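Work through the exercises below with the sequence and the model in view. Each task is followed by a solution in steps.

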Amino acid sequence: ILNVEQSPQSLHVQEGDSTNFTCSFPSSNFYALHWYRWETAKSPEALFVMTLNGDEKKKGRISATLNTKEGYSYLYIKGSQPEDSATYLCALSNDYKLSFGAGTTVTVRA
Amino acid sequence: NAGVMQNPRHLVRRRGQEARLRCSPMKGHSHVYWYRQLPEEGLKFMVYLQKENIIDESGMPKERFSAEFPKEGPSILRIQQVVRGDSAAYFCASSPSGQAVTEAFFGQGTRLTVV
């Protein structure tokens, strides 16, 4: 089992503001780190897969970084919009199995 | 290209009944995974299947739970003699390979309520 912690559990952001939140792991004994975006009543949607220390990925206004030496990954949302409201899940994998964190729920206020 | 399809979306069963949850993977995907989300918990791995084979069922409860992925048709997660503690959201995912870096595509889940 790969331990994954996400913080904060939830956050509220004003529309237009940028925000970031953390996925932390006590051990870097994994092969890949995954970020998923999960809207209520929909499927979790894959955002990024990262494997290397220093990896940075970007998709539109959302980006992520990976620091395996210090044991964390950040997800950034630039200029938050109401459609960014969702739960963001972090997961680690060594093989086919994903070990998920509990998620950070982001609510963007108009 | 339809995504991962799960049905039913909601399922209500009385204690002692059987629950059958279906999952059709994305076209071209031969690797299927089932995850469970219990109330107030994150997604937990249950089982990994390829066509006609169970590869890893280490996350499955030892009794009453079974899974299959036949040569033809959807993957089925079967829960016999359901109890209240089985109430959860069950998610299926599929991928084109079983490697760690592969994106897994998830369905919308089946929410099982045992009354």
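The model is predicted.

**Exercise 1. Over how many bridges do strand β3 and strand β8 of chain B pair, and in which sense?**

Step 1. Find strand β3 at residues 19-24 and strand β8 at residues 75-79 of chain B.
Step 2. These two strands pair over five bridges, in the antiparallel sense.

**Exercise 2. Describe the open sheet of five strands in chain A and explain which strands stand at its edges.**

Step 1. Its order is β1-β3-β8-β7-β6, with antiparallel pairing.
Step 2. β1 (5-7) and β6 (56-59) of chain A each have a single partner strand, so one side of each is left without a neighbour in the sheet.
Step 3. The partner of β1(A) is strand β3 (residues 19-24) of chain A, and the two pair over three bridges in the antiparallel sense.
Step 4. Within β3(A), A:Thr22 stands opposite A:Ser7.

**Exercise 3. How much area do chain A and chain B bury between them, and which residues of chain A lose the most?**

Step 1. The two chains bury about 1,700 Å², with 62% of it on carbon and sulfur atoms.
Step 2. On the side of chain A, the most area is lost by A:Trp38, A:Tyr96 and A:Phe100, together 34% of what that side buries.
Step 3. Counted by contact, 21 residues of chain A meet 21 residues of chain B.

**Exercise 4. Which residues form the salt bridge across the interface, and what supplies the side of chain A that touches chain B?**

Step 1. One salt bridge is found between the chains.
Step 2. A:Lys97 and B:Asp56 form it, with their closest N and O atoms 3.2 Å apart.
Step 3. There are also ten residue pairs in polar contact between chain A and chain B.
Step 4. β4 (32-38), β5 (45-50), β9 (86-93) and β10 (98-100) of chain A each supply at least two residues of the touching side.
Step 5. β4(A) gives the largest share, four residues.
Step 6. By type, the residues of this side are twelve nonpolar, six polar and three charged.

How values were computed:
Residues numbered from 1 in each chain as written. Chains lettered and ligands numbered in written order. Predicted model: local features only at pLDDT ≥ 70, side-chain atom pairs only at ≥ 80, totals over all residues. Heavy atoms only, no water. Contact = heavy atoms within 4.5 Å. Buried area = accessible area lost by both parts, 1.4 Å probe. Salt bridge = Lys/Arg side-chain N within 4 Å of Asp/Glu carboxyl O. Polar contact = N/O pair within 3.5 Å; in protein donor to acceptor, adjacent residues only side chain to side chain. Nonpolar A, V, L, I, M, F, W, Y, C, P; charged D, E, K, R; others polar. Pairing = 2+ DSSP bridges.
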